[in-house]
Amino acid sequence: MKLIYKIALNEIRNLFFSPVAWFLGVAFLLQCGYFYTNQLAMMAGYQDVAVGSNPHFEGFGASLTNIILLKGGLFSSVVGNLYLFVPLLTMSLINREINSGTIKLLYSSPIKPYHIVLGKYLAIVLYNLMLLGIVAIFLISSMFSIVHMDAGLIFSSLLALFLLICCYTALGLFMSSLSTYPIVSAISTFLIIFLLTAIGTIGQQYDFVRDLTYFLSANGRTDKMIAGLITSGDVIYYLLIIGMFLSFTLFRVKGAMESKPWLTKALQYVSVFVGVLAIGYITSRPAFMGYWDVTRNEVNTIHPNSQKVIKDFEKGEPLEVTLYVNLLGGGIDQGGLPENRKNYEISFWERYVRFKPEIKLKYVNYYDVADKDNMLFKMYPKKSLKEIAEITAKLKRVDPSNYESPEQIRKEIDLRPEGMRVVMQLKYKGRSTFLRTYDDPDFWPNEMNVSAAFKRLQQPTRPKFIFTSGNLERSVYKTGEREYHYQLNDISNRFSMTNLGFDSDSINLDQQEIPKGIAALVIADPKTDLSLVKQEKIKRYIAEGGNTLILGEPGKQGMLNPVLTGLGLQLNPGTLVELTANETPEMVKPQLTKEGLSLSDQFIMQRADLARGKKMPEMEILMPGVSEVAVVNAGTGFKTQSILKTNPSRNAFNKIGKLVVDSVPPVYNPSAGDTKQKSYSTLLSLSREIKQKEQRVAVSGDADFMSKLRRGGGLFSIALFSWLDHNRLPIYIVPKTPIDVLLTISLRTAEIIKIVFVWIFPAVIACLGAILLLRRKRK
């Protein structure tokens, strides 16, 4: 160990007695200072403007540690440009000894080859620590500039930077032993770094090869650590690559002293390479992976609500996930090609496999089109579907023999209801459900969608909302603008109720009975009188404690009031009117009340703000044409709460008679029966204890807020349905609010810091280096 230490000290001395180490140090400091101060000054400028406009400005709402130091800031720039420095640092480590002849003296001395290799590598590691010391200067500055800086993120990012630079220097050390020309060693190091970055794209169509090339690939290895997630797989990767190249360097140095057959020498390299691959492959398996999320809010870990859902799976019971990929269908380019699979497995599924290692991923490739879809045949006239698939496969550089024909896939599963796009089928204990992809920037399902699919698999029966029909009510199957298909059953909408775990159906109560065990009965805007049979069934269902959602419209209050009488409510005649500058008078925007915030965890952040003493947030829901929901009998046993109320400042009034919306604004006319009061309730909730459970009922004077025409009410609809289902679904994923959202400095201070870090510090270090080198030269 003493010999290794002495060689390391000698190498460090040589480094700092040459201009290379000083030049690289100054260049590294300049780079860090430039990217760090640019981000710092930009955010300080934004904060100055925000504070000037709003003295009560509370922060950016995003982590400044992440913005200034990580993504687009200090660490991402350093990691992205590190390959420019390392080859220049390592290019002459070994070949300098060869060119100067000192290698012969080392060979003839008691020093062993491993002393030489480890000593020189230790010297570079010490230099790497000096580079980390430069980075630490900016971190100390950030501690005084960012309020509540996230220290966990900094720790993992420093670890990522250190492992990466040590990996590159081990590689460069080996390259310097292969050639007597430093410039050749530097260029070779560039090439090997590029190869390590690009190797992850090789052989992606073969599962086993894909796993091996992914392990060898350095591309993106630091991303998770810079984001605050340390995994055993990433750490072991760097340690194995460092060990491999140090072993190669040792073999090279020893080979110059020994006379062995080339085959024996080659076997040494191959055995180490194969061993590294084997260890890397095994340790990258989910069962052997360890994770440590060091971020303050554990942003890299699935939400605790999702973790609870996963815990409900039986331990050891496999969860099979099959990705169906249609060569001719939607989503093939975003997530269906072989080169997408590793990203699908790592970026999407790894965070769930972390908590359930028994998730088994399978793939089925096929080609097919809908029965009446002639678009492809028009694009490729006189071609069969098989020939079209072969042409498409050639364009996408995949093997057409890996794709099943329409006849084969339809025997296995009917994917036509799923639009034959990229889709996942989940199977667990004999139950199955689909997990869909979407044509939006995110493409893959979000955590709410995944948790809902998991919950579906765990429940023998799924929560179902039953909609009445037969009186021209809104339909869950029709796709018109005023209908409910988009909000309830549209599989292409990631926030539709079917993609959040709910089922829905419709029945005609004149011929059918209300099913037992449903989540709620929904009566949505009937346009003709309900028969006495229907009224009796609905009243009996409510009397027995069934949850209900009743949605009315102005002009049709009489259709629902016979049912509402038993609840002590009625839809008052007339149409509510709000006279505003930009909307027609029937476009009423009632606000969510304090009681409305308790509907579901969708409003958990607003409730937390209210608990901290902040004022009630103004959350408006557009209701185009709405009547007042009024309490006419408070003695029905229900607890009544107003969920949506009109804004008192807008002076809404209730217009009796015909409302003309495309002419001059309507005039308040008490003689015609118009009424005006401070505020009107447009949606009421009712609850009571019955049969040892809580019954929940909601009544709205508008049915349009939930339709495709008014998508803004979609999220509120989810909260309403969740409340009716006693908040079992959906599984809300509410992120924790970051606290490092403010700076302690102004733009002027940030500009001063920029001058210090970009101009003064580099100049001082450059002068110190020049003085030392000049004094050395004189001696």
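Two strands count as paired if DSSP finds at least two bridges between them, and the helices (H or I, at least four residues) and strands (E, at least two) used in these legends are DSSP runs numbered from the N terminus. The views come from a predicted model, in which local features need pLDDT of at least 70 and side-chain atom pairs count only at pLDDT 80 or more, while totals for chains, interfaces and linings use all residues. Residues are numbered from 1 along each chain as its sequence is written, and side-chain values use heavy atoms, with hydrogens and water left out.

**View 1. The open sheet β4-β3-β5-β6.** Let's start with four strands that form an open sheet in the order β4-β3-β5-β6, with mixed pairing. Its edge strands, each pairing on one side only, are β4 (359-366) and β6 (431-436). From one strand to the next, the twist averages 25°; axes here are lines fitted to C-alpha atoms, for helices over the stretch in contact, and angles run from 0 to 180 degrees between N-to-C directions. Strand β5 (residues 423-428) pairs with β6 in the antiparallel sense over six bridges.

View 2. Helix α17 (residues 341-353) lies across β3 (319-326), β4, β5 and β6, and it runs at about 150° to β4. Helix α21 (residues 447-458) lies across β3, β5 and β6, running at about 170° to β6. Contact, here and below, means heavy atoms within 4.5 Å.

**View 3. The packing of α4 with α9.** Two packed helices are described by the angle between their axes and the distance between the axes. For helix α4 (residues 74-81) and helix α9 (residues 151-178), the axes come within 11 Å and cross at roughly 10°. The two helices are therefore roughly parallel to each other (angles under 35 degrees count as roughly parallel, over 145 as roughly antiparallel, 65 to 115 as roughly perpendicular and the rest as oblique). From α4, F75, V78 and V79 meet I154, S157, L158, L161 and L164 in α9. The residues of this contact divide into seven nonpolar, one polar and no charged, where Ala, Val, Leu, Ile, Met, Phe, Trp, Tyr, Cys and Pro count as nonpolar, Asp, Glu, Lys and Arg as charged, and the others, Gly among them, as polar.

View 4. Strand β7 (residues 464-468) pairs with β9 in the parallel sense over three bridges, and F467 has V522 in β9 as its bridge partner. Strand β9 (residues 520-524) also pairs with β10, in the parallel sense and over four bridges.

View 5. I523 stands opposite I550 in β10. The chain crosses from β9 through helix α23 (residues 532-543) to β10 in a right-handed β-α-β crossover, a term that applies if, with the strands pointing away from the viewer, the path from the first strand over the helix to the second runs clockwise. Four bridges join β10 to strand β21 (residues 693-700), and these strands run parallel. A698 in β21 is the bridge partner of L549.

View 6. F194 lies in helix α10 (residues 182-198) and counts as exposed at 58% relative accessibility. Its C-alpha atom is separated by 12 Å from that of N81, 113 residues apart along the chain. Q591, found in strand β14 (residues 591-592), is buried with a relative accessible area of 15%. Leaving out residues up to four places away in sequence, Q591 touches E618, M619, E620, I643, L644, K645 and N647. Y486 sits in helix α22 (residues 485-488) and is buried, with a relative accessible area of 19%. Y486 and M706 are 220 residues apart in sequence and 9.2 Å apart in space, C-alpha to C-alpha.

Key: Buried < 20%, exposed > 50% of the residue type's maximum accessible area, 1.4 Å probe, protein only.
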